[in-house]
Amino acid sequence: MPSKNTLVPSNMYQNGEMDPAVKALEARQDEIMRKLYELKAAVEGLAKTVTTPDADLDLTVGGGLSSSQSCAFHGTADLDTLLGKDLGALRDIVINANPAQPPITLLVLHKLLCQRYRVLSTVHVHSSVSSVPEQLLSCLGPRHPDSYARHLFQLGFTLIWKDVPKLQMKFNVQNMCPVEGEANVARFLFKLLAPYPSDVASATLVDNWVDAAFFQLAEGGTKERAVVLRALNSTLGRGPWLVGREVSLADVACYCCLLLTGAASSAPANVQRWLQSCENLGHFGPAKVLRQ
């Protein structure tokens with residue numbers, strides 16, 4: 001029984017237990033508070049969006065991923081060190097992408113980011129796009145159950161399907177110019193997972209493979225692709241990965257761009273073995289799903 005000093009009226013208890021009507025009232029109150037938190041999160045999200053030029057949204061599809069799996073990349077996970085201290089609830093990464101050219105490299109990196117950080121992921125559709133396939137609306141995974149509480153996350157990853165000629169990323173929109181091109185955005189996201197190789201030669205090799213992936217495999221002609229495939233086959237004959245002993249952005253970019261061209265099935269033996277090794281890691285699922 002409640003003490004005499006309690007603020008809860010004694011008639012709220014029956015046989016030492018709280019009246020069912022009071023329990024129902026508390027449940028309704030909890031539900032109202034949950035909806036208020038969701039509304040607050042939505043308002044905060046709109047406030048963030050207002051600071052991003054041309055980000056008027058017509059359709060919102062919530063999504064979020066969290067995973068307890070370990071990340072394939074070994075490096076710092078201190079966002080304050082990587083991006084500088086931020087007093088906000090989380091750091092927002094906003095990407096405008098054309099649905100006619102889905103950025104599958106970024107979807108793979110997003111999956112890896114979700115294994116390293118607490119990421120609040122959302123998908124939006126801009127008014128410049130009439131329709132988007134269902135698989136693109138759900139490409140960042142299901143809505144996170146805690147998405148109404150932005151303060152629980154470290155990173156915000158917002159993908160806006162928009163009619164843009166080139167992929168754009170906006171981060172810290174007050175102080176940073178937009179980053180354009182999937183290759184450049186991939187470099188930015190990868191550095192949140194693991195640092196580039198410390199030696200200049202290896203770092204240059206990574207950049208060289210990334211450029212070859214996007215500008216020769218993805219956008220080049222038949223002859224250019226054949227040259228890259230021969231180089232891939234030769235390099236992978238000397239080791240399991242393209243640069244060093246671990247997976248790097250070079251592997252992510254080349255895998256995704258090779259998948260994009262449809263040439264993976266006819267690739268040379270060493271490349272085929274490497275493709276299988278990439279898929280065995282489990283991080284390349286989003287890319288493969290979108291290309292099926």
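Q: What share of the chain counts as buried, and what does the word take here?
A: Of the 292 residues, 43% count as buried. The cut-offs are under 20% relative accessible area for buried, over 50% for exposed, and partly exposed in between, using a 1.4 Å probe and protein chains only. This is a predicted model, so local features need pLDDT of at least 70 and side-chain atom pairs count only at pLDDT 80 or more, while totals for chains, interfaces and linings use all residues. Residues are numbered from 1 along each chain as its sequence is written, and side-chain values use heavy atoms, with hydrogens and water left out.

Q: What does N96 touch, leaving aside neighbours within four places in sequence?
A: N96 is in contact (heavy atoms within 4.5 Å) with I160, K162, V164, L167, Q168 and K170. The C-alpha atoms of N96 and Q168 are separated by 5.1 Å, though the two are 72 residues apart along the chain.

Q: And S131, buried or exposed, and how do you know?
A: S131 has a relative accessible area of 55%. Exposed starts over 50%, so that is the label it gets. S131 has its place in the loop between β5 (119-126) and α4 (134-137). Its C-alpha atom is 9.5 Å from that of W161, 30 residues apart along the chain.

Q: Which residues touch the most other members of the largest nonpolar core, and what makes a set of residues a core?
A: L109 and W274 do, in a core of 74 residues. The set qualifies as buried Ala, Val, Leu, Ile, Met, Phe, Trp, Tyr and Cys residues joined through side-chain atoms within 4.5 Å. Helix α8 (residues 249-261) gives the largest share of this core, ten residues. As background, nonpolar side chains tend to be buried together in soluble globular proteins.

Q: Why can α8 be called largely enclosed?
A: Because eleven of its 13 residues are buried, α8 is largely enclosed by the rest of the structure. Among those buried are D251, C254, Y255 and L258. Just after α8, G262 takes a positive phi of about 80°.

Q: How do you know that the length of α9 agrees with its residue count?
A: The expected span is 1.5 Å times one less than the number of residues. For the 13 residues of α9 (residues 269-281) that should be 18 Å, and the end C-alpha atoms are 19 Å apart, which agrees.

Q: Why are the buried residues of α9 placed on the same side?
A: The buried ones are N270, V271, W274, L275 and C278. They cover an arc of only 140° around the axis, which puts them on the same side of α9. That arc is taken from the directions from the helix axis to the C-beta atoms. The face turned away from this side carries the exposed residues A269 and N280. What covers the buried residues includes α7 (222-236) and α8.

Q: What makes α8 and α9 roughly perpendicular?
A: Their axes cross at roughly 110° and come within 11 Å. Axes are lines fitted to C-alpha atoms, for helices over the stretch in contact, and angles run from 0 to 180 degrees between N-to-C directions. Under 35 degrees is roughly parallel, over 145 roughly antiparallel, 65 to 115 roughly perpendicular and the rest oblique. That makes α8 roughly perpendicular to α9. The contact joins D251, C254, Y255 and L258 of α8 to V271, W274, L275, C278 and E279 of α9.

Q: Why are α6 and α8 called roughly parallel, then?
A: Helix α6 (residues 200-217) and α8 pack at an angle of about 10°, with their axes 8 Å apart. The angle falls in the class under 35 degrees, and the two are therefore roughly parallel. On the α6 side, W209, A213 and F214 are among the residues that meet α8.

Key
Helices (H or I, at least four residues) and strands (E, at least two) are DSSP runs, numbered from the N terminus.
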